[in-house]
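User: I would like to go through this model step by step. Please show it first.
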Amino acid sequence: MTAPWWRRGILYHIYPRSFMDTNGDGIGDLRGIGARLDYLCELGIDAVWLSPIYPSPMADFGYDVEDYTNVDPVFGTLEDFDALLAEVHRRGLRLVLDFVPNHTSDRHPWFRESRASRTSRRRDWYIWRDPAADGTRPNNWLSSFGGSAWSLDPQTGQYYYHAFLESQPDLNWRNPEVRAAMHSVLRFWLDRGVDGFRVDVLWHLIKDAQFRDNPPNPAWRSGDPPHMQQVMVYSADRPEIHEVVAELRRIIDQYPERVLIGEIYLPIERLVAYYGADLKGAHLPFNFQLIETAWDARGIARMIDQYEAAVPARAWPNWVLGNHDKPRIATRVGVQQARVAAMLLLTLRGMPTMYYGDELGMRNVPIPPQLVQDRFEKRVSGLGLGRDPCRTPMQWDATPNAGFTRARPWLPVAEDFPVVNVQAEREDPKSILSLYRALTKLRRVEPALSTGRYEPVVMTGDLVAYLRTQGEKRFLVALNLGAEPHAVAYSEAGPHAHVALSTHLDRSAERVTGTLNLRADEGVIVALHADG
Ligand code: GLC
């Protein structure tokens with residue numbers, strides 16, 4: 001009963017540009033989110049995380065912050081934000097903001113001051129290095145968005161480091177003044193009442209003090225993102241990062257019930273280090289394994305076991321199925337398996353994170369070259385890495401522009417919107433939206449499915465299965481990741497075993513004896529206990 005909300009809750013990720021436009025500029029806004037809170041309550045989520053809403057030149061759509069303590073006019077005002085937060089809380093939901101500490105926009109006053117001269121008071125707030133002896137860039141580090149991570153500032157004759165775009169200079173987190181300034185940013189929003197932060201590229205904050213070259217990555221294949229030609233041994237995930245994270249956590253802990261989530265793309269064993277010594281790091285280092293692991297039952301089952309084994313005792317796991325940087329789940333695994341994925345996400349142990357629109361089965365939308373917005377795509381075009389396809393407008397109804405805007409939307413709306421939309425799916429008892437609602441509802445009434453114990457059940461072929469148990473309540477989750485029917489032999493099914501939910505939204509209350517027959521692309525939650 002004393003578990004904090006984020007141990008029980010479901011996080012819903014909104015990309016604010018694409019959720020709901022109310023002022024007719026073709027871009028979503030805070031009032032739009034406020035206007036759709038009924039939907040979020042109906043969906044059964046607990047908390048909303050907003051991608052950045054701060055003033056920004058939008059070179060990376062808000063991940064290039066110009067002012068950390070305000071709202072970009074495209075999204076609204078600080079008053080709109082306060083009103084949204086109050087309304088979110090009134091409905092018993094939580095609001096998590098994106099915190100982007102690794103870099104600012106080059107238009108941020110701190111960077112303007114830093115670049116003004118070598119002796120500027122804020123010079124050391126960013127990462128400046130002299131050219132190498134031969135006049136070229138200081139080391140071989142690559143930008144995650146293509147090309148070198150160093151840009152020469154001709155006026156002062158030094159290079160500055162940017163892990164992403166040239167217009168996103170990295171802050172120097174070894175400088176205590178930078179840390180103090182960023183801590184005040186956290187306090188600004190915590191004092192306003194936000195329930196926590198998702199911290200952007202948390203593992204990047206500290207770089208090697210000696211700026212050693214990164215080694216080559218032998219596993220790199222042509223077609224992979226260009227920066228992966230190197231293993232980022234020296235430019236990220238340095239040991240000193242953990243002290244920085246612990247400091248962030250200390251700020252968060254000064255406020256009750258707030259959550260610290262870290263965006264970290266690292267292998268499982270390095271990822272879990274971000275829970276911190278004595279669990280005084282991030283509450284939840286984001287686990288992207290469901291995005292990164294191929295959709296194959298044996299690989300998925302192995303990955304779940306590895307992750308479960310790696311999460312420290314008393315730490316809380318978490319699972320992310322999609323986000324604004326990666327192809328949508330329905331595109332990766334197909335619309336049928338997207339339902340199985342939904343059941344997996346919402347029955348594994350740990351906090352689930354849903355990405356807006358995935359609950360409708362929204363798919364990646366191909367973007368014609370002349371409409372491409374994402375700078376990453378423009379820099380590495382042809383590799384299919386662009387992120388616009390997973391950021392298209394939310395599909396609300398069958399009216400023009402899917403009810404997202406009355407203007408021309410900033411990215412095209414998917415062609416399937418007349419069928420794949422909230423209104424149509426709400427009325428269809430077999431839709432994926434109805435499945436998501438049934439899953440969130442069951443999870444809410446059955447704590448075994450959220451906070452309960454997890455035990456894998458050994459399976460073969462296309463099947464993944466596990467048990468979730470709390471007190472008298474015991475559930476078997478059996479998932480068919482294949483397109484052929486399979487029988488699941490489960491000898492423990494006692495006299496009470498019955499279907500609690502199928503991804504096909506039928507078979508309700510069907511008795512289960514020794515064998516459970518799963519259809520193609522079907523997942524089933526079986527209640528093994530006596531009801532009542
Ligand atoms: C994170 C964000 C991504 C952004 C990058 C740079 O990975 O999720 O959208 O481009 O950081 O801030």
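User: How far is an oxygen atom of the ligand from an N or O atom in the side chain of R198?
Analyst: This is a predicted model, where local features need pLDDT of at least 70, side-chain atom pairs count only at pLDDT 80 or more, and totals for chains, interfaces and linings use all residues. Residues are numbered from 1 along each chain as its sequence is written, and side-chain values use heavy atoms, with hydrogens and water left out. A polar contact is a pair of N or O atoms within 3.5 Å. For R198 and a ligand oxygen, the distance is 3.0 Å.

User: Which side chain has an N or O atom 2.8 Å from an oxygen atom of the ligand?
Analyst: The side chain of H324 has an N or O atom 2.9 Å from a ligand oxygen. The 2.8 Å distance belongs to D200.

User: How much of the ligand's accessible area does the protein cover?
Analyst: Accessible area comes from the Shrake-Rupley method with a 1.4 Å probe. On its own, the ligand has 300 Å² of it. The protein covers 95%.

User: How many residues of the shell around the ligand are charged?
Analyst: The ligand is surrounded by 13 residues (a heavy atom within 4 Å). D60, D200, E263, D325 and R387 are the closest. Asp, Glu, Lys and Arg count as charged. The shell has four nonpolar residues, two polar ones, and, as charged ones, seven.

User: What is the bridge partner of D153 in β6?
Analyst: β6 covers residues 158-161 and runs antiparallel to β5. Four bridges join the two. For D153, the partner is Q158.

User: Which residue in β11 is the bridge partner of Y12?
Analyst: An open sheet of eight strands, with parallel pairing, has the order β9-β8-β7-β3-β2-β1-β11-β10. In it, β1 (residues 11-14) and β11 (residues 351-355) pair over three bridges. The partner of Y12 is M354.

Definitions and conventions:
A polar contact is a pair of N or O atoms within 3.5 Å; within protein, one must be able to donate a hydrogen and the other to accept it, and residues adjacent in sequence count only if both atoms are side-chain atoms. Two strands pair if DSSP finds at least two bridges between them.
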